[in-house]
Structures are given as structure tokens and as C-alpha cells.
Amino acid sequence: MRAIALVFVGGAVGAVIRELLMLGVPTARDGFVGSIFIANIVAAFILGVVTGLHSRKVIGTNGNLLLGTGLTGGMSTFSSLVYATFVLLAGSAADFRVGLLYVGANLVVGFMLVLAGLKIGEAIGGKNLPG
Amino acid sequence: MLLSDVALVAVGGGVGSLLRWSVGKLFAGTGAGGIPWSTIVINITGAFAIGYLSVLFSVEWHDRYGTFLKSAILTGVLGGYTTFSTMELDTAKMFRAGGVSKAAFYIIGQLAVGIAAAGLGAELARAGG
């Protein structure tokens, strides 16, 4: 029961953060959706940190459910990313280029940040490896 | 921006996240060959759904505000249900375990199939399906 509450609350907060970004960060004229890009890469970083901390037992199952499954899962979005990319790829030649840039930027920067987050979380946790 | 829109996004995000968590437990972590099937299933079904529903709701993909359907279902439920961060974490784990091509194939493949699924959903809705 508590797990359900943690995932729900974390997911709700994450989704609201993404919504606020969508309201505050306008989509560029060329079509690059900055709000979703920011939400995704920040969520990837946070998930890396949370996972690193969890692996070193700095946070437990509940923390992981709230912040990992909940918050970063709610904040990040795969559906919005790929649908916007599809529309761009199906558009003009200029749109197509932006589409590639958009999905590529999410992929690459997200990957770099999740790796960085993992390293940071593990470093904070130190040598406290799971038994 | 109405407070009610934010509330709808919040509830939708919570519901979508619970759906994602449930599907994740069904697949109980990585499956055959160390492939995170739960992430794949969640993201691809969510991609198809957003393509289909966006056209059905007649939403321009860059304009997400103002109505119940957009806030609750698209931004909320589907945004909460699908996950970019988990996909990146899966990829990072494969990469760190030495499976560089596996990691690349996983993430590029998932994005490619996701884009196609979203497009298929949109086309189906456009065709009146």
C-alpha cells in the first residue's frame, strides 16, 4: 500500500514538473521541444544519482520507489519524445534535420547524464556495497 | 494555466506511473538475454497510444495545454506511463557491463520502433480506425 502511494506521489510530482517546464519553456521555432528535452535529461541524471545511492544503500526501497520509479518516471517521457520526432521526420527537409537533432540530443545527453549520475551517487555512497 | 490542468496532470502522472510500475512487476526485471522487456513494452505501447490519441483528440503535437484530454491523458497518463529515464538507465547498465553494441542496439532500436509506433498510431486514427 505504501509502495503504491510512493509511486503515485512521485509520478504526480514528476509529471507536474514536466508540465510546468512545458508551460515555461517555449518550443523553438524550428520545432525542437526544449521543455521535453530538459525534463528528460534532468530525470535521467536524477535516476542515475538515485540508482547509485540505492546501490550503496544510502537510500532504500521506499526512496527508490518515490524518486526513481515515481519522480523520474513521471518527469521523463518516451511517448512525447517519439511522437514529436515522428511529426518532424515526416515534415519538410528542415523539419527532418531538427527531428534527428531532437531525438539524438535526448539520447546522447540523457546517456551522458545518467552515467554521470550513477558515478556521483555511487561516490556519495562510498564503499558501502550491498552484502 | 488553470490549477485544474495541473491537478489533472498530477493525477494522470500518478496513474500512469502506477501502470508502469505494475507492468514492470509483471515482467519482474530483465528477461531473456538480459533485455529489459518491461521498458520496451511500456514505451512502445505508450508511443502507439500517444500517436493514436493525439490525432483522435486533434492535438497539434507542440500544443499541449488547456483541455482535460490533453492534460490528463496525454501529458499525465502517457507521460507518467512511458519513461525515457529508465531506458537510459537500462542502456547505461548494459554499457557498463561491457555490452556496448547491445546498449546501442537497445536504445536506438527502441527509439526507432517507438517513432514508428507513434506514426502508426497517428495514421490509424487519421484513417478513422
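## Close-up views of a predicted two-chain model

View 1. You'll find A:Lys57 in the loop that runs between H2 and H3 of chain A. Check its backbone too: phi is near 65°, a positive value in a residue that isn't glycine.

View 2. Helix H2 of chain A covers residues 34–55, and A:Leu53 is part of it. Is A:Leu53 buried or exposed? A:Leu53 is buried, because 25 other C-beta atoms fall within 10 Å and the label needs 20 or more. Setting aside neighbours within four places in sequence, A:Leu53 is in contact with A:Val58, A:Ile59, A:Gly121, A:Ile124 and A:Gly125. For a sense of scale, pick out A:Val114: it is 61 residues from A:Leu53 along the chain, and the two C-alpha atoms are separated by 13 Å.

**View 3. Chain A as a whole is built from helices.** Chain A has five helices and zero strands, giving the pattern α-α-α-α-α along the sequence. Along the principal axes, its C-alpha atoms fill a box of roughly 55 × 30 × 20 Å. Of the 131 residues in chain A, 56% are buried. If you look at contacts in chain A with a separation of 6 or more, 77% of them join residues 24 or more positions apart.

**View 4. Chain B, taken on its own.** Five helices and zero strands make up the secondary structure of chain B, and its pattern along the sequence reads α-α-α-α-α. Buried residues account for 53% of the 129 residues in chain B. Among its contacts with a separation of 6 or more, 74% are between residues 24 or more positions apart.

**View 5. Where chain A touches chain B.** On one side, 48 residues of chain A take part, and they are in contact with 44 residues of chain B. Which elements of chain A give two or more residues to this side? They are helix H1 (2–24), H2, helix H3 (61–75), helix H4 (79–89) and helix H5 (93–125). H1(A) supplies the largest share, with 14 residues. By type, the chain A side splits into 27 nonpolar, 19 polar and two charged residues.

**View 6. H4(A) crosses H5(B).** Zoom in on H4(A) and helix H5 (residues 100–126) of chain B: their axes come within 8 Å and cross at roughly 75°. That angle makes H4(A) roughly perpendicular to H5(B), because 65 to 115 degrees is the range for that description. H4(A) makes this contact through A:Val82, A:Tyr83, A:Thr85, A:Phe86 and A:Leu89, while H5(B) uses B:Leu111, B:Gly114, B:Ile115, B:Ala118 and B:Gly119. Sorted by type, the residues of this contact are seven nonpolar, three polar and no charged.

**View 7. H4(A) is mostly covered.** How many of the 11 residues of H4(A) are buried? The count is 10, with A:Ser79, A:Ser80, A:Tyr83 and A:Phe86 among them. What do these buried residues pack against? From chain A, the partners are H2 and H5; from chain B, they are helix H2 (37–56), helix H3 (68–81), helix H4 (84–96) and H5.

**View 8. The largest nonpolar core, and B:Ala47 within it.** This core has 76 residues, and those with the most contacts inside it are A:Ile46, A:Val82, A:Val114, B:Ala47 and B:Ala118. H2(A) gives the most to the core, with 13 residues. Now look at B:Ala47. Not counting residues up to four places away in sequence, B:Ala47 touches A:Phe78, A:Ser79, A:Val82 and A:Tyr83 from chain A, plus B:Thr82, B:Gly114, B:Ala117 and B:Ala118 from chain B.

**View 9. B:Lys25, on helix H1 of chain B.** Helix H1 of chain B spans residues 3–27, and B:Lys25 lies in it. B:Lys25 is exposed, because its count is 11 other C-beta atoms within 10 Å. Follow the chain to B:Gly12, 13 residues away from B:Lys25, and you'll find their C-alpha atoms separated by 20 Å.

How values were computed: Residues are numbered from 1 along each chain as its sequence is written. Chains are lettered from A and ligands numbered from 1 in the order in which they are written. This is a predicted model: local features need pLDDT of at least 70, side-chain atom pairs count only at pLDDT 80 or more; totals for chains, interfaces and linings use all residues. Helices (H or I, at least four residues) and strands (E, at least two) are DSSP runs, numbered from the N terminus. A residue is buried if 20 or more other C-beta atoms lie within 10 Å of its own, exposed if 12 or fewer, and partly exposed in between; C-beta atoms are placed from the backbone. Two residues are in contact if their C-beta atoms, placed from the backbone, lie within 7 Å. Ala, Val, Leu, Ile, Met, Phe, Trp, Tyr, Cys and Pro count as nonpolar, Asp, Glu, Lys and Arg as charged, and the others, Gly among them, as polar. Axes are lines fitted to C-alpha atoms, for helices over the stretch in contact, and angles run from 0 to 180 degrees between N-to-C directions. Angles under 35 degrees count as roughly parallel, over 145 as roughly antiparallel, 65 to 115 as roughly perpendicular and the rest as oblique. A nonpolar core is a set of buried Ala, Val, Leu, Ile, Met, Phe, Trp, Tyr and Cys residues joined through C-beta atoms within 7 Å.
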